Amino acid sequence: MSFEKPLLLPLKRFDDERGYFQELWRECSCYPELLLRRVSFIQENFSHSQKNVLRGLHYQLQKPQGKLLTVLHGQIFDVCVDLRKSKSTFGQVYHFELSSAQPEWLWIPPGFAHGFYVLSHRADCFYKCTEYFDPTDSYVIRWNDPTLNISWPLIEEKPLLSPNDANGCDFIKADYFL
């Protein structure tokens, strides 16, 4: 397994007639071994989105965030784009379908743009970050950039976007990591 690219990590869930129990994180768990080094998370975020919402593709340059994301309710189509020019995987697009029915963490390393599209009626996502969010270091690549040619599984022709996401830059005009 590689720490340098997006990585799915299984979560254990215990179901019974009452519902289910799931441990999301344990500092001394096997995850640091799976990630091949110790990771410190300093911020946690929660995102609630309705069907057809597309968030992203977000990234940071000065303090890039590594993210560990899981879906608590619903289903999303998640996309990560490698922005590290020094890597052979520069510009490579990774995509995953994440669902609360199949609990997993998705590790998104620092140096990647990240976004997701909501496939279910609603989606609740929880993620841990390795750096604090700084609005002065927040950038967006256009979700429908022709260079990246991402095959989003759009339910409607136009997704619901924030003004910031709707005005993202083209991939070829974005600033990258060295």
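Predicted model: local features only at pLDDT ≥ 70, side-chain atom pairs only at ≥ 80, totals over all residues.
1. Strands here are DSSP runs of E with at least two residues, numbered from the N terminus.

2. The protein chain has 2 helices and 12 strands, and along the sequence they run β-β-β-α-β-β-β-β-β-β-β-β-β-α. Of its 178 residues, 48% count as buried. Among contacts between residues at least 6 apart in sequence, 82% join residues at least 24 apart. The chain's accessible surface is about 9700 Å², and carbon and sulfur atoms account for 51% of that.

3. β12 belongs to an open sheet of 5 strands with antiparallel pairing, in the order β8-β7-β10-β5-β12. Its edge strands are β8 (93–99) and β12, each of which pairs on one side only. The partner of β12 is β5 (residues 54–59), joined in the antiparallel sense over 2 bridges. You can find His58 standing opposite Val140 of β12.

4. Now back to Asp137 itself. Which residues does Asp137 touch, leaving aside its neighbours within four places in sequence? They are Tyr59, Gln60, Leu61, Gln62 and Lys63.

5. One last point deserves a look. Asp137 is buried but has no salt bridge. The nearest side chain of opposite charge is that of Lys63, 7.9 Å away, whereas a salt bridge requires the charged atoms to be within 4 Å.

Conventions. Residues numbered from 1 in each chain as written. Heavy atoms only, no water. Buried < 20%, exposed > 50% of the residue type's maximum accessible area, 1.4 Å probe, protein only. Lys, Arg positive; Asp, Glu negative; His and termini not counted. Contact = heavy atoms within 4.5 Å. Helix = DSSP H or I, 4+ residues; strand = E, 2+ residues; numbered from the N terminus. Areas by Shrake-Rupley, 256 points an atom, 1.4 Å probe, with all protein chains shown as cover. Pairing = 2+ DSSP bridges.
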